Amino acid sequence: MKPKRRAEGPGAIELIEEAVHLLRRAPAGLLALNALGTLPFALAFLYFWAEMSRGAFAGEHAGRNAIGVALAFLWMKFWQTIFASELRARVAGQNPAPWTAKKCGQLALTQTALQPIGLFALPVAALIVLPFGWAYCFFQNVTTLPEGSGSISDAWKSASQQASLRQEQNFVVLSILSLFGFFVWVNVATFMAMLPSLLKTLLGMETAFTKAGSLSVLNTTYLACSVALTCVLIDPLIKAVYVLRCYYGQSLQTGEDMKVELSRARATSSGSLTAQALLIFFCLVGAVSAAPAEPTVSPTELNTSIEEVLKEPQFAWRMPREELDNSAAPKSWIARVLHGGATAVVDALKWVGHSIGQTLRWIWEALRKAWPNSAPTEPESNGTGFAWASFLQGLLIVLIAVIVAFLAVLIYRMLRNRQSTSIVVADVVMAKPDLRDENVGADTLPEQGWLTMAHELIAKGDLRLALRAFYFAGLAHLGTRELISIALFKSNREYENELRRRARAYPDALAAFSQNVAAFDRAWYGLHEVTTDLLEDYQANLHRIRAC
């Protein structure tokens with residue numbers, strides 16, 4: 001990630017999409033942690049609302065009920081913090097830390113000290129309007145930050161720092177979530193208004209709502225129930241968004257996001273040992289060839305080195321163009337091409353010979369410095385002595401032979417591994433993923449693998465899964481051509497819009513892909529019947545896409 005891009009952080013829509021994808025991958029037990037805290041508070045709040053609105057003994061029970069709602073509120077914040085911590089661990093690719101009694105006690109103390117302030121601060125900030133975004137983000141950070149289980153001062157400091165970071169992103173996120181929450185509330189309120197009538201029509205159940213008529217929806221308890229149910233439904237998404245926001249914000253200092261990306265890249269890396277050994281060897285050769293033989297450089301050598309460097313391609317464009325003498329050059333273009341190729345081969349051989357010579361000189365100097373007084377210049381006259389210079393020269397020859405043999409073995413293993421790798425890839429293609437799983441993406445197999453699987457499913461009579469395999473084959477083909485980028489959290493409509501932006505020169509491919517998306521949505525999500533004629537039309541559109 002570029003420094004500027006990393007400092008600005010992901011966009012608001014990208015952050016929300018990643019939060020939705022994070023919740024989709026979360027197990028049901030993790031979502032149950034949030035419900036364990038949110039549902040009791042919602043029920044306690046509704047009971048308190050109804051009791052205070054219509055209860056005959058509201059005055060007598062007010063204090064007791066208020067204490068119950070306050071305890072339910074702290075209970076909710078406690079479990080929401082645990083839910084957010086588990087989400088944070090999944091984002092960072094770590095195992096969740098165990099929740100000891102001491103840690104739970106400190107967590108309860110921190111939430112009890114800070115969260116009740118929001119009951120008074122948020123309404124005041126909403127009246128002033130401008131500070132509301134910062135205040136709302138602050139109290140969400142108290143819940144979602146890992147320091148939520150630390151000391152009160154640490155939680156306050158970290159929440160304040162993250163609330164002050166990327167405030168524009170926070171306001172856009174709040175606007176989108178508010179609009180989303182409004183539409184969820186409209187759906188919930190409509191469902192609650194229609195449910196009594198449906199029960200009476202379908203099951204003959206008479207309720208107080210059907211007796212009261214359509215005016216029952218104007219009841220304040222009905223409004224409170226719809227709002228409470230809406231908050232229960234969208235709260236996991238809000239927590240996931242602010243978990244990711246704090247994660248990316250703190251990573252600016254800790255670099256945690258880059259560590260996670262590097263660890264994932266390291267885990268999925270399939271580089272061979274031979275290639276790494278070759279890389280290390282040639283890096284050493286380059287370093288040796290670049291190492292100066294003497295600690296000082298004369299002016300003449302320095303000028304010569306500068307002139308050689310300026311002749312390199314990356315500096316040649318700065319030099320004035322010189323008129324070359326082409327009188328001795330071949331006249332025919334074929335002769336010029338052959339002459340240029342021969343010159344390139346000769347230059348390459350010279351470079352290899354120069355690098356080997358530099359390496360041998362470096363080894364010789366290292367051995368000479370290791371034994372400065374043990375190398376006589378002449379052998380012993382009686383024949384029993386040892387010619388150290390001859391021995392070292394022979395040793396260097398042996399080392400060169402070993403290095404050459406080692407490189408030959410490495411190259412042989414690289415070629416053999418390349419052949420075996422192709423066989424392994426074919427085996428992986430034969431391993432069929434479960435197309436019924438919604439978490440299977442188009443990048444699981446290459447295009448040919450999806451096509452093979454689709455024809456096998458057609459032979460088995462499973463036309464619905466065959467249609468999804470053809471759909472993944474189309475996505476894989478477009479992804480290979482870099483017309484779309486495949487991601488699990490993207491919808492079919494997002495793929496279509498992305499193709500419309502990138503494939504302006506291929507209108508026929510866009511039309512064929514749009515027809516396939518519509519057919520796939522009707523069959524996969526609309527449960528329309530998949531026929532052989534539909535599959536033939538789908539394959540024809542695939543051929544149109546591949547032909548563009």
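Threonine 532 lies in helix α21, which covers residues 532-547. This is a predicted model. With a relative accessibility of 47%, threonine 532 counts as partly exposed, because that class lies between the 20% limit for buried and the 50% limit for exposed. Isoleucine 458 is 74 residues away from threonine 532 along the chain, yet 8.7 Å separates their C-alpha atoms.

Now take the whole chain. It has 21 helices and 0 strands. Of its 548 residues, 32% count as buried. Residues 24 or more positions apart account for 71% of them.

Helix α8 comes next. It runs over residues 167-203 and has 37 residues. At 1.5 Å a residue, α8 should span 54 Å; its end C-alpha atoms lie 52 Å apart, so the two values agree. A kink of about 30° lies at leucine 195, shortly before proline 196. Proline 196 is itself buried. Other buried residues of α8 include Gln169, Asn170, Val173, Leu174 and Leu177, along with Gly181, Val184, Val188 and Ala189. Just after α8, glycine 204 takes a positive phi of about 75°.

Next, the interior. In soluble globular proteins, nonpolar side chains tend to be buried together. The largest nonpolar core here has 44 residues. Leu87, Val241 and Leu244 have the most contacts inside this core. The elements that give two or more residues to it are α2 (12-25), α3 (28-54), α4 (58-91), α5 (101-128), α6 (132-144), α7 (152-164), α8 and α10 (220-254). Helix α10 provides the largest share, 11 residues. Look at valine 241. Leaving aside residues up to four places away in sequence, valine 241 touches Leu15, Ile16, Ala19 and Val173. Val173 is one of the buried residues of α8.

Rolling a probe the size of a water molecule over the atoms shows where empty space is left. The largest pocket holds about 1300 Å³ of space. Its lining has 36 residues, and Leu122, Tyr136, Gln140, Val227 and Cys231 lie nearest the centre. Helices α3, α4, α5, α6, α8 and α10 each give two or more residues to that lining. The largest share, 10 residues, comes from α10.

Move on to helix α17, residues 447-460. At 1.5 Å a residue, its 14 residues should span 20 Å; the end C-alpha atoms are 20 Å apart, so expectation and model agree. The buried residues of α17 are Glu447, Gly449, Trp450, Leu451, Met453, Ala454 and Leu457. Just after α17, glycine 461 takes a positive phi of about 90°.

Glutamate 482 sits in the loop between α18 (463-480) and α19 (492-502). Its phi is near 60°, a positive value in a residue other than glycine. Is glutamate 482 buried or exposed? At 65% relative accessibility, glutamate 482 counts as exposed, because the cut-off for that class is over 50%.

Technical notes
Residues numbered from 1 in each chain as written. Predicted model: local features only at pLDDT ≥ 70, side-chain atom pairs only at ≥ 80, totals over all residues. Heavy atoms only, no water. Helix = DSSP H or I, 4+ residues; strand = E, 2+ residues; numbered from the N terminus. Expected span 1.5 Å × (residues − 1). Bend = angle between axes of the 7 residues up to and from the residue. Buried < 20%, exposed > 50% of the residue type's maximum accessible area, 1.4 Å probe, protein only. Core = buried A, V, L, I, M, F, W, Y, C linked by side-chain atoms within 4.5 Å. Contact = heavy atoms within 4.5 Å. 1 Å grid on protein atoms, 1.4 Å probe; cavity = no way out; pocket = protein on both sides within 12 Å on 5 of 7 lines; lining within 4 Å. Points joined across faces, edges and corners; volume = space filled by probe spheres on them.
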